[in-house]
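Please keep the sequence and the 3D view at hand.

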Amino acid sequence: MTRIRSVEISQVDLPPPVPRGDAIQTFVTQETPLVRIRCDDGSEGVGYSYTIGSGGSSVVALLRDHLAPRLLGRDPARIESIWRDLLFATHATSVGAITSLALAAIDTALWDWRCLRDGQPLWLAAGGARQRIPVYTTEGGWLHLATDTLVREAVLAKEQGFRGAKVKVGKPHLSEDLDRLRAVREAVGPGFELMVDANQVFNLGEALRRAPRYAELGIAWFEEPLPSEDIAGHARLAAAATLPIAVGESLYSPGQFAAYVQQGACHIVQADVARIGGITPWLKTAHLAEAHNLMVAPHFLMELQVSLCAAVPAAQWVEYIPQLDAVTTSRLLIADGQAVAPDVPGLGIAWHWPEIERRRVAFHTVS
């Protein structure tokens, strides 16, 4: 039986290729914890998670001091058992962002190991619903961009074959948001999907005020309108709105998604595979959404989410925000407006190890 012999933990910081800003924050740098599991038969798996500017060193410390030592001697094939054991080993800090991000780095490494062992791509191993998923871009829709830039970026995205684009909202007055959205809608026409994302900036009253005005422009969904802990507010908004309400990037467990679903507080589930704790809980959440006839349109991490979206029937969109290009040689394949899940065994991410080693800001081996 194969056993885990050592665990390598790195942190690589990746600045965004373009400035990114929304209603509550600026994306300064992606702090990227990487986990490389090595086994006694020479096999290995690599996983990762991320933060957008703070907390990366805390994730690394939790991995180094508490989680990685518990992997030694374990059978890497027992992914569900390992995930549960590690969750309960950190019960005092669960549910929470740092713990979920650390669990995700390990869980994605174990899935990579399994898929490499079996010679299967992740999208097949995790379900194999279909290989291609429609893709939209967020990279040209940031809140700080001028209206003419938004329009230019949206038109370019349409010409490049994307099927939609996300525009950040949350300007001080509704009229500012509407002016920007109208200009984009007029430029791209009715057949190109536009999504809006408020990044939790509104209170319930303001979200109720703005939602119908966004809906007039044929918006595909209204994302993170309220603080993520306000489930009751989301339920009231979801019941009143005439456009779908999307949530998920700031939820950290399947149980939190279950609470939203039980209260009718969202129409679209946007589970982030790193923030929810890895592939294992992501798949449970995607099937929860399917059981309730809800769409899955996950947040960020396109290099990994493309395979997960292809694995499950409920997934309808992949979000295009490139971030790993500096440390990988693989690229997301897009054909006819659809992201194509990689056919190679494993996660489908080809790491550029010399560049990772050059960019490391932390490195630890647990053996």
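Start with the largest pocket: α5 gives the most to its lining, with five residues. This is a predicted model, in which local features need pLDDT of at least 70 and side-chain atom pairs count only at pLDDT 80 or more, while totals for chains, interfaces and linings use all residues. Residues are numbered from 1 along each chain as its sequence is written, and side-chain values use heavy atoms, with hydrogens and water left out.

**Pocket and cavities**

Both kinds of space are found on a 1 Å grid over the protein atoms alone. A cavity is a set of points where a 1.4 Å probe fits but cannot get out. A pocket is an open set with protein on both sides within 12 Å along at least five of seven lines. Lining residues have an atom within 4 Å of a point. Grid points are joined across faces, edges and corners, and a volume is the space filled by probe spheres set on the points. Helices (H or I, at least four residues) and strands (E, at least two) are DSSP runs, numbered from the N terminus.

The lining of the largest pocket comprises 20 residues. T137, E139, G140, G141 and E153 lie nearest the centre of this pocket. Helix α5 (147-159) and strand β5 (164-168) each supply at least two lining residues.

The structure also holds three cavities of 30 Å³ or more. The largest cavity is lined by 20 residues, and D22, F27, W142, K168 and H299 are the closest to its centre. Q200, E224, L226, S228, H234, V247, G248, S250, L251 and Y260 line the second largest cavity.

The table gives volumes and lining classes. Ala, Val, Leu, Ile, Met, Phe, Trp, Tyr, Cys and Pro count as nonpolar, Asp, Glu, Lys and Arg as charged, and the others, Gly among them, as polar.

| Space | Volume | Lining residues by class |
|---|---|---|
| Largest pocket | about 240 Å³ | eleven nonpolar, six polar, three charged |
| Largest cavity | about 190 Å³ | six nonpolar, five polar, nine charged |
| Second largest cavity | about 50 Å³ | four nonpolar, five polar, one charged |

**Helix packing**

Axes are lines fitted to C-alpha atoms, for helices over the stretch in contact, and angles run from 0 to 180 degrees between N-to-C directions. Angles under 35 degrees count as roughly parallel, over 145 as roughly antiparallel, 65 to 115 as roughly perpendicular and the rest as oblique. Contact means heavy atoms within 4.5 Å. A crossing is left-handed if the near helix is turned anticlockwise from the far one by less than a right angle, and right-handed if clockwise.

Take α7 (residues 204-215) and α8 (residues 231-240). Their axes are 10 Å apart, at an angle of about 20°. The two helices are therefore roughly parallel to each other. The crossing of α7 past α8 is right-handed. L204, A207, L208 and A211 of α7 make the contact with G233, R236, L237 and A240 of α8. That contact has six nonpolar, one polar and one charged residues.

How do α2 (residues 79-89) and α10 (residues 279-291) cross? Their axes come within 10 Å, at roughly 100°. That makes α2 roughly perpendicular to α10. From α2, I79, E80 and W83 meet T280, P281 and K284 of α10. The contact divides into three nonpolar, one polar and two charged residues.

Helix α10 also packs with α11. Here the axes come within 11 Å and cross at roughly 45°, so α10 is oblique to α11. This crossing is right-handed. I279, W282 and L283 of α10 make the contact with L304, Q305, L308 and C309 of α11. By class, there are six nonpolar, one polar and no charged residues.

**Loops and backbone**

Most residues other than glycine have a negative phi, and most peptide bonds are trans. F300 is not a glycine, but has a positive phi of about 60°. F300 sits in the loop between β10 (295-296) and α11 (302-311). The peptide bond from S94 to V95 is cis, with omega near 0°. V95 lies in the loop between α2 and α3 (97-118).

L332 belongs to the loop between β11 (318-320) and β12 (333-335). Leaving aside residues up to four places away in sequence, L332 touches M302, V306, Y320 and A339. L332 and G348 are 16 residues apart along the chain, with their C-alpha atoms separated by 9.4 Å.
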